[in-house]
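Look through the structure shown here before reading on. The paragraphs below go through it part by part.

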Amino acid sequence: MGKAKRIIVVGGGIGGAAAALALHQAGFEPVVYERSNALREVGAGIALWANATHILQRLGLLEDAMQVGYPTTNYQFNSQYGRELVNIPLDGFELPVIGIHRAELHQLLWRNVPNEMFMLGQTFERFEQEGGQVRAHFASGLTVEGDALIGADGLRSRVRAVLLDDRPPTYRHFKTWRGLTNYVPKGHRPGYIQEFLGPGKGFGFMRLGKERMYWYAAAIAPESQPDTAIGRRRELEQMFQDWVPSIPELIAATDEADILTTDLYDRLPTQPWSQQNVTLLGDAAHPMLPTMGQGACTALEDAWVITQCLQTHSDPVTAFQQYESLRFPRTKEIVEQSLRSARMGELTNPVAVALRNTVMKLMSPLICKSFRSLHIYRA
Ligand SMILES: Cc1cc2nc3c(=O)[nH]c(=O)nc-3n(C[C@H](O)[C@H](O)[C@H](O)COP(=O)(O)OP(=O)(O)OC[C@H]3O[C@@H](n4cnc5c(N)ncnc54)[C@H](O)[C@@H]3O)c2cc1C
């Protein structure tokens with residue numbers, strides 16, 4: 001098989017955008033096919049830990065990301081009433097940790113990809129492999145041919161469905177709400193991601209800019225639970241009314257239209273996720289719960305590693321085998337850790353919650369160590 005040059009990337013989220021950029025910089029010819037008519041991301045924030053800012057540095061984007069993001073120094077877990085349980089220092093690495101708006105990260109990646117390398121409004125349907133080539137078919141009737149195809153089409157990946165024909169992702173009994181506001185609660189420590197844990201629910205917030213806060217909440221809920229008649233903001237105000245005052249204040253200071261809800265899913269890690277010259281990346285390959293905040297960060301790592309592998313091995317089949325063997329153990333560990341961490345949040349009995357909090361406090365050094373081991377990784 002010849003050297004891979006023309007790479008079809010399905011999906012232009014953070015993973016697809018990073019892959020397009022890394023491949024373009026390395027001299028490949030990627031084209032991203034995105035089903036939406038615009039390149040956009042949801043209105044929410046994200047923490048880019050040192051393992052992810054390392055990739056931004058490799059892509060030459062770290063300075064720009066620091067301009068638009070906010071430096072993050074600590075990740076603190078508290079009881080719902082504000083008793084500190086664990087405080088993880090994040091500033092002991094050679095790289096910064098940044099709180100950033102998802103759309104700004106997305107734009108940063110896209111800004112450096114030439115226009116002719118993405119096609120909007122193209123919904124991927126199926127592919128076929130023949131003679132070392134891959135042909136992709138889209139709902140519009142478009143058919144394109146490339147040397148390799150990367151499915152970066154997210155949690156409900158169509159590329160994955162065609163490739164593996166496996167089960168749908170698993171609902172993990174949590175619903176989330178995310179919001180953005182310009183209100184900064186009094187006493188908020190700049191640089192801190194603060195999370196508060198209560199019975200069957202939790203709340204967290206961080207700064208994305210000097211006067212911009214991103215908050216998130218999670219609670220046990222049945223799948224696809226509709227909003228209540230009182231609206232998202234009122235519902236959240238009731239759910240968190242007796243928690244530390246910053247929480248109801250942040251909720252009250254957010255417009256109803258700026259509150260997103262999302263159900264949480266993952267998949268138990270399985271291999272393979274590649275077949276000859278077709279592979280998966282990001283949520284398509286290893287969807288995880290957001291408890292460790294690593295979904296987008298590992299998608300960035302994937303994008304970097306896949307490019308390295310394609311540079312090392314001229315044959316995409318070997319490159320994708322190497323990519324998967326490098327990425328599977330790392331992402332498996334994080335998917336599993338994210339699920340374990342979510343299970344700790346499922347406790348609803350007040351006695352069990354109090355016990356969990358005591359154990360967390362006692363295990364604080366171990367918890368710090370386990371986060372550090374994820375953040376210290378350099379793809
Ligand atoms: C509540 C919540 C909080 C989170 N917080 C964090 C965090 O703090 N840090 C972190 O690192 N991660 C976080 N994540 C995870 C992160 O959002 C995802 O892991 C990441 O966005 C995955 O990127 P992706 O590019 O793989 O997929 P996606 O972002 O889902 O992108 C897939 C793209 O493919 C397109 N697409 C889909 N199907 C097709 C098709 N058939 N044809 C063409 N295009 C298609 C979609 O339109 C989309 O643009 C969080 C997730 C949730 C739900």
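Which element gives the largest share of the shell around the ligand? That share, 4 residues, comes from H8. This is a predicted model, in which local features need pLDDT of at least 70 and side-chain atom pairs count only at pLDDT 80 or more, while totals for chains, interfaces and linings use all residues. Residues are numbered from 1 along each chain as its sequence is written.

The ligand is surrounded by 33 residues, where a residue is near a molecule if its C-beta atom, placed from the backbone, lies within 6 Å of it. Gly11, Gly13, Gly154, Gly282 and Gly295 are the closest. Two or more residues each are given to this shell by helix H1 (14-25), strand E3 (45-48), strand E13 (170-181) and helix H8 (295-312). Helices (H or I, at least four residues) and strands (E, at least two) are DSSP runs, numbered from the N terminus. By type, the shell has 13 nonpolar, 14 polar and 6 charged residues. Here Ala, Val, Leu, Ile, Met, Phe, Trp, Tyr, Cys and Pro count as nonpolar, Asp, Glu, Lys and Arg as charged, and the others, Gly among them, as polar.

Next come two of the helices. H1 and H8 pack with their axes 8 Å apart and at an angle of about 25°. Axes are lines fitted to C-alpha atoms, for helices over the stretch in contact, and angles run from 0 to 180 degrees between N-to-C directions. H1 and H8 are therefore roughly parallel to each other, a term used for angles under 35 degrees. On the H1 side the contact is made by Ile14, Gly15, Ala18, Ala19, Ala22 and Leu23, and on the H8 side by residues including Ala296, Leu300 and Trp304. Two residues are in contact if their C-beta atoms, placed from the backbone, lie within 7 Å. The contact residues of H1 with H8 comprise 11 nonpolar, 2 polar and 1 charged.

The strands remain. Strand E5 (residues 74-79) and strand E6 (residues 84-89) run antiparallel and are joined by 5 bridges; two strands pair if DSSP finds at least two bridges between them. E5 and E6 form a hairpin with 4 residues between them, and Asn74 stands opposite Pro89 in E6. E5 also pairs with strand E14 (residues 192-198), in the parallel sense over 6 bridges.

Elsewhere, 3 strands form an open antiparallel sheet in the order E9-E10-E11. Its edge strands, E9 (124-130) and E11 (143-146), each pair on one side only.

Key:
Parallel < 35°, antiparallel > 145°, perpendicular 65-115°, else oblique.
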